[in-house]
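Please go through this structure with me, term by term. I would like to know what each label rests on.

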Amino acid sequence: MSESNESKTNFIGTYYNRDKVMQISKIAGTFAWIALGIYLFTTLNSFNQFMIQYVTGIYSQKGMSIFDVLGFFTPYLLQLVPGLLYFAGLKFVQHTLLILMDMEDNTRRAARK
């Protein structure tokens with residue numbers, strides 16, 4: 001893509017405060033990583049507890065098929081899914097705010113020409 005030679009307008013918007021939108025965007029990005037970290041930590045902690053119990057023989061596998069054994073592990077994989085959804089949603093909010101601000105800036109620049 002070709003880059004624009006024009007400088008940014010730095011227009012202080014009538015309908016929003018640019019600094020507040022940037023702050024909200026940064027907060028959303030930070031919360032996204034915090035949520036992912038918390039869910040990852042709790043998932044790994046639960047999985048480690050399960051593996052200790054599984055290896056020591058608390059969970060017996062006699063007479064079980066491979067599908068039954070795999071069924072032991074699926075809840076720990078699914079425990080991470082809400083964290084991934086929160087992460088994706090908050091990152092979507094962060095980038096959407098930035099894109100909308102760029103659209104506003106480009107619209108004002110185009111209107112001046």
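**Labels and their cut-offs**

Q: Where does Phe47 lie?
A: Phe47 lies in helix α1. Helices (H or I, at least four residues) and strands (E, at least two) are DSSP runs, numbered from the N terminus. This is a predicted model, in which local features need pLDDT of at least 70 and side-chain atom pairs count only at pLDDT 80 or more, while totals for chains, interfaces and linings use all residues. Residues are numbered from 1 along each chain as its sequence is written, and side-chain values use heavy atoms, with hydrogens and water left out.

Q: Why does Phe47 count as partly exposed?
A: Buried means under 20% relative accessible area, exposed means over 50%, and partly exposed is in between (1.4 Å probe, protein chains only). Phe47 has 29% relative accessibility, so Phe47 counts as partly exposed.

Q: How many helices and strands does the protein have?
A: There are 3 helices and 0 strands. Along the sequence this reads as the pattern α-α-α.

Q: What makes α1 roughly antiparallel to α3?
A: The axes of α1 and helix α3 (residues 81-112) cross at roughly 165° and come within 8 Å. That makes α1 roughly antiparallel to α3, because angles over 145 degrees count as roughly antiparallel, under 35 as roughly parallel, 65 to 115 as roughly perpendicular and the rest as oblique. Axes are lines fitted to C-alpha atoms, for helices over the stretch in contact, and angles run from 0 to 180 degrees between N-to-C directions.

Q: Why is Phe87 called buried?
A: Phe87 has 18% relative accessibility, which is under 20%, so Phe87 counts as buried. Phe87 is in helix α3. Phe87 and Gly29 are 58 residues apart in sequence and 8.5 Å apart in space, C-alpha to C-alpha. In the protein, buried residues make up 19% of the 113 residues.

Q: Why is Thr96 called partly exposed?
A: The relative accessible area of Thr96 is 27%, so Thr96 is partly exposed. Thr96 also has its place in helix α3. From C-alpha to C-alpha, Thr96 and Ser25 are 8.7 Å apart in space and 71 residues apart in sequence.

Q: How do you know that Leu77 is exposed?
A: Leu77 has a relative accessible area of 62%, which is over 50%, so Leu77 is exposed. Leu77 is found in helix α2 (residues 66-78). The C-alpha atoms of Leu77 and Thr43 are separated by 7.8 Å, and the two are 34 residues apart along the chain.

Q: Why is Ile27 called partly exposed?
A: Ile27 has a relative accessible area of 39%, so Ile27 is partly exposed. Ile27 lies in helix α1 (residues 18-56).
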